[in-house]
Amino acid sequence: MAGIEIDRSAVSRCLAKAIAYQQVGKTEEAEDWARELIAHLQLAGILTDRVGPDVGQCFSCNDTVTESTGIFLKETNDWGCYDCCK
Ligand SMILES: [Zn+2]
């Protein structure tokens, strides 16, 4: 699913500023620009905030899976525990 068209110049500006601030040790400003960059990527549908629900069941062994014990499989909308997804 495509998001809205990405604002390339805004993305370039955010990235350039984030790097520039980082290089002069202004990490807070750098982080602000990095967040803005992420916001643009999210708007464009390149990055998604969350990949799935907080908890689910492993598609294979039916164990309860959370973000710390497994991964959400976007392709199938299923959770998989790390044991089954090795
Ligand atoms: Zn499993």
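With 10 C-beta neighbours inside 10 Å, Asn62 counts as exposed. Asn62 sits in the loop between strand 1 (55-57) and strand 2 (64-66). Its phi is near 65°, a positive value in a residue other than glycine.

The model is predicted: local features need pLDDT of at least 70, side-chain atom pairs count only at pLDDT 80 or more, and totals for chains, interfaces and linings use all residues. Residues are numbered from 1 along each chain as its sequence is written. Here pLDDT is the predictor's confidence in each residue, from 0 to 100. The chain averages a pLDDT of 85, and 90% of the residues score at least 70. Among the elements of the chain, helix 1 has the highest mean pLDDT (95). Strand 1 has the lowest (83).

The chain holds 2 helices and 4 strands. Both kinds of element are DSSP runs, numbered from the N terminus: helices are H or I with at least four residues, and strands are E with at least two. Along the sequence the order is α-α-β-β-β-β. Buried residues make up 13% of the 86 residues. Two residues are in contact if their C-beta atoms, placed from the backbone, lie within 7 Å. Among contacts between residues at least 6 apart in sequence, 21% join residues at least 24 apart.

The helices were examined next. The expected span of a helix is 1.5 Å times one less than its number of residues. For helix 1, with 16 residues, this gives 22 Å at 1.5 Å a residue; the end C-alpha atoms are 22 Å apart, which agrees. Gly25 follows helix 1 and has a positive phi, near 80°. Helix 2 (residues 27-43) has 17 residues. From its first C-alpha to its last, helix 2 reaches 24 Å, close to the 24 Å expected. Just after helix 2, Gly45 takes a positive phi of about 80°.

The buried residues of helix 2 are Trp33, Leu37 and His40. Seen down the axis of helix 2, these buried residues fall within an arc of 55°, so they line one face of the helix. The arc is that of the directions from the helix axis to the C-beta atoms. An α-helix has 3.6 residues a turn, so residues three or four places apart point the same way. The buried residues of helix 2 pack against helix 1 (8-23). On the face turned away from the buried side, helix 2 carries the exposed residues Thr27, Glu28 and Arg35.

Lys17 lies in helix 1. With 18 C-beta neighbours inside 10 Å, Lys17 counts as partly exposed. Lys17 and Trp33 are 16 residues apart in sequence. In space, their C-alpha atoms are 6.4 Å apart.

Strand 3 (residues 70-73) and strand 4 pair in the antiparallel sense over 4 bridges. Two strands pair if DSSP finds at least two bridges between them. Strand 3 and strand 4 form a hairpin, with 4 residues between them. Ile71 stands opposite Gly80 in strand 4. Phe72 stands opposite Trp79 in strand 4. In a regular strand the side chains alternate between the two faces of the sheet.

Asn77 belongs to the loop between strand 3 and strand 4. This residue has a positive phi of about 60° although it is not a glycine. With 12 C-beta neighbours inside 10 Å, Asn77 counts as exposed.

Trp79 is found in strand 4 (residues 78-81). With 25 C-beta neighbours inside 10 Å, Trp79 counts as buried. Leaving out residues up to four places away in sequence, Trp79 touches Gly56, Gln57, Cys58, Phe59, Val65, Gly70, Phe72 and Leu73. Glu67 is 12 residues from Trp79 along the chain. The C-alpha atoms of Trp79 and Glu67 are separated by 9.2 Å.

How values were computed
A residue is buried if 20 or more other C-beta atoms lie within 10 Å of its own, exposed if 12 or fewer, and partly exposed in between; C-beta atoms are placed from the backbone.
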